[in-house]
Amino acid sequence: MTISDLIFSNTNRERVSRHMLFLVGYSCLFHFQNDNRTLLYAASFLPPCILAVYGFIYVLLPFLKKKKYGQFALGMVVLYLVTFVLGVFGSYLFFTDWDWPVSDKMIVGLAIHNHVIAMFMGGVALGIKATKNWYIRHQEILELEKQKVRRELSLERANLYPEFILQTL
């Protein structure tokens, strides 16, 4: 499998490989953010982040493609609220294991911090997917233009000109 296949192919094998590579990379981001509670941190904040990324790619991007900007904005607000609520629940889960008292301000602060990261990563994923779709479409248009030129040239070659026939007689 080449890098080009990994990026541009839509076969199930390459698609699953792409998603697994994303999840491993994203999990590494969580691992390097926290030292001793990595598994708990990932379990509490990875779901809203994954929801944000896949929500952007598979729910909101089709609205942009169809130029339905109102539905895109509404979907963005819903995705924003859902991932924020999941982040708050993740914060409560994360802080339940701590030995010292935890305030609601700390929980909400951590939820906002991770929510910003999740929405940023979702926006980056949306940009990457949109760019990939544009590139594929651009390549298809270029190939169609090449085919058109080839067909026109072959039709010109196949044309029998009456002047040529008269001159040969």
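The following exercises, with worked solutions, concern a predicted model of a protein.

**Exercise 1. Overall fold**

Solution: 
- Step 1. The chain has 169 residues, of which 28% count as buried.

**Exercise 2. The largest pocket**

Task: Describe the volume of the largest pocket, then its lining by residue, element and class.

Solution: 
- Step 1. The largest pocket holds about 520 Å³ of space.
- Step 2. Its lining consists of 18 residues, and those closest to the pocket centre are R18, F22, I57, A125 and I128.
- Step 3. Two or more lining residues come from each of α1 (3-8), α2 (12-33), α3 (38-65) and α5 (104-158).
- Step 4. Sorted by class, the lining contains 13 nonpolar, 2 polar and 3 charged residues.

**Exercise 3. The second largest pocket**

Task: Identify which residues line the second largest pocket, and determine which element gives the most to that lining.

Solution: 
- Step 1. The volume of this pocket is about 220 Å³.
- Step 2. Its lining is formed by L61, L64, K65, A130, N133, W134, R137, H138 and I141.
- Step 3. The elements giving two or more residues to this lining are α3 and α5.
- Step 4. The greatest contribution is that of α5, with 6 residues.
- Step 5. By class, the lining divides into 5 nonpolar, 2 polar and 2 charged residues.

**Exercise 4. The crossing of α4 and α5**

Task: Classify the arrangement of α4 and α5 from the angle between their axes, and state the handedness of their crossing.

Solution: 
- Step 1. Two packed helices are described by the angle and the distance between their axes.
- Step 2. The axes of α4 and α5 come within 8 Å and cross at roughly 135°.
- Step 3. An angle of 65 to 115 degrees would count as roughly perpendicular, and one over 145 as roughly antiparallel; α4 is therefore oblique to α5.
- Step 4. The crossing of α4 and α5 is right-handed.

**Exercise 5. The setting of V85**

Task: Locate V85 in the secondary structure, decide whether V85 is buried, partly exposed or exposed, and give its C-alpha separation from P48.

Solution: 
- Step 1. V85 belongs to helix α4, which spans residues 69-95.
- Step 2. Buried requires a relative accessible area under 20%, and exposed one over 50%.
- Step 3. V85 has a relative accessible area of 42% and is therefore partly exposed.
- Step 4. V85 and P48 lie 37 residues apart along the chain, while their C-alpha atoms are separated by 8.7 Å.

Conventions
Residues numbered from 1 in each chain as written. Predicted model: local features only at pLDDT ≥ 70, side-chain atom pairs only at ≥ 80, totals over all residues. Heavy atoms only, no water. 1 Å grid on protein atoms, 1.4 Å probe; cavity = no way out; pocket = protein on both sides within 12 Å on 5 of 7 lines; lining within 4 Å. Points joined across faces, edges and corners; volume = space filled by probe spheres on them. Helix = DSSP H or I, 4+ residues; strand = E, 2+ residues; numbered from the N terminus. Nonpolar A, V, L, I, M, F, W, Y, C, P; charged D, E, K, R; others polar. Buried < 20%, exposed > 50% of the residue type's maximum accessible area, 1.4 Å probe, protein only. Axes fitted to C-alpha atoms, helices over the stretch in contact; angles between N-to-C directions. Parallel < 35°, antiparallel > 145°, perpendicular 65-115°, else oblique. Left-handed = near helix turned anticlockwise from the far one by under 90°.
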